Amino acid sequence: MLHLDPLAAHALLQENPQAVLVDCRTEIEHMYVGHPAGAEHVAWQEGPDWEIDPEFTDKVKHLVRNDLDRPVLIICRSGQRSIHAGDALETAGFTQVINVLEGFEGPLDEDYHRGTLGGWRFRGLPWFQT
């Protein structure tokens, strides 16, 4: 799996129209915290039980129309959950899986807040909130 910071990930998406950005956070995170512009939402896991969606890879396969060679960038809150989701995609046969380092909100700062040290939103990249 390749790992790119948010700026490099955004550049790849701009340069390669075949690339797909998958937001693997929960529906609540995607809707209310915000999400990268153009991101497709496919949750890796959802509350309240936080079990991994056994259909996650099938949903992403459907999203890319079964083209497992299509670049799939995967983003979560901080760049950790997306590693596990990306590993599952690679196990399912995807050949170009790219983890977005820092995620959407970035790592925790010394006050245990996100969004002050990194992440898609912190880097000033396009995003939406519903």
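**Close-up views of a predicted model**

F56 is buried, with 1% relative accessible area, where buried denotes under 20% relative accessible area, exposed over 50% and partly exposed in between, for a 1.4 Å probe and protein chains only. The model is predicted, so local features require pLDDT of at least 70 and side-chain atom pairs pLDDT 80 or more, whereas totals for chains, interfaces and linings use all residues. Residues are numbered from 1 along each chain as its sequence is written, and side-chain values use heavy atoms, with hydrogens and water left out.

**View 1. The aromatic pair of W44 and F56.** Two aromatic pairs are found in a search of the whole structure; rings of Phe, Tyr and Trp (its six-membered ring) pair if their centres lie within 6.5 Å, and planes under 30 degrees apart count as stacked, over 60 as edge-to-face and the rest as tilted. W44 and F56 form an edge-to-face pair, with 5.1 Å centre to centre and 90° between the planes. The two residues are 12 residues apart: W44 belongs to the loop between strand 4 and strand 5 (45-46), and F56 to helix 3 (residues 56-63). Helices (H or I, at least four residues) and strands (E, at least two) are DSSP runs, numbered from the N terminus. W44 is likewise buried, at 8% relative accessibility.

View 2. F104 and W127 form an edge-to-face pair, with 5.8 Å centre to centre and 75° between the planes. F104 lies in the loop between strand 8 (97-100) and strand 9 (127-128), and W127 lies in strand 9, so the pair ties together parts that are 23 residues apart in sequence. F104 is buried, with a relative accessible area of 1%, whereas W127 is partly exposed at 32%. R121 lies over the face of W127, 5.1 Å from the ring centre; the criterion is NZ of Lys or CZ of Arg within 6 Å of the ring centre and within 35 degrees of the ring normal.

**View 3. Strand 2 and its partners.** Strand 2 (residues 20-23) is covered on both faces, with V20 and V22 buried on one side and L21 and D23 buried on the other. In a regular strand the side chains alternate between the two faces of the sheet. Strand 2 runs parallel to strand 7 (residues 72-75), to which four bridges join it; two strands pair if DSSP finds at least two bridges between them. V72 in strand 7 is the bridge partner of V20. Strand 2 also pairs in the parallel sense with strand 4 (residues 40-41), over two bridges, and there V22 stands opposite E40.

**View 4. The nonpolar cores.** The largest nonpolar core has 16 residues, and F56, V60 and L89 have the most contacts inside it. Such a core is a set of buried Ala, Val, Leu, Ile, Met, Phe, Trp, Tyr and Cys residues joined through side-chain atoms within 4.5 Å. Strand 2, helix 3, strand 7 and helix 4 (81-91) each give two or more residues to this core, and the largest share, three residues, comes from helix 4. Leaving aside neighbours within four places in sequence, L89 is in contact (heavy atoms within 4.5 Å) with F56, T57, V60, V72, I74, F94 and V97. Apart from this core lies another, of 14 residues, among them A9, L21, V100 and W120.
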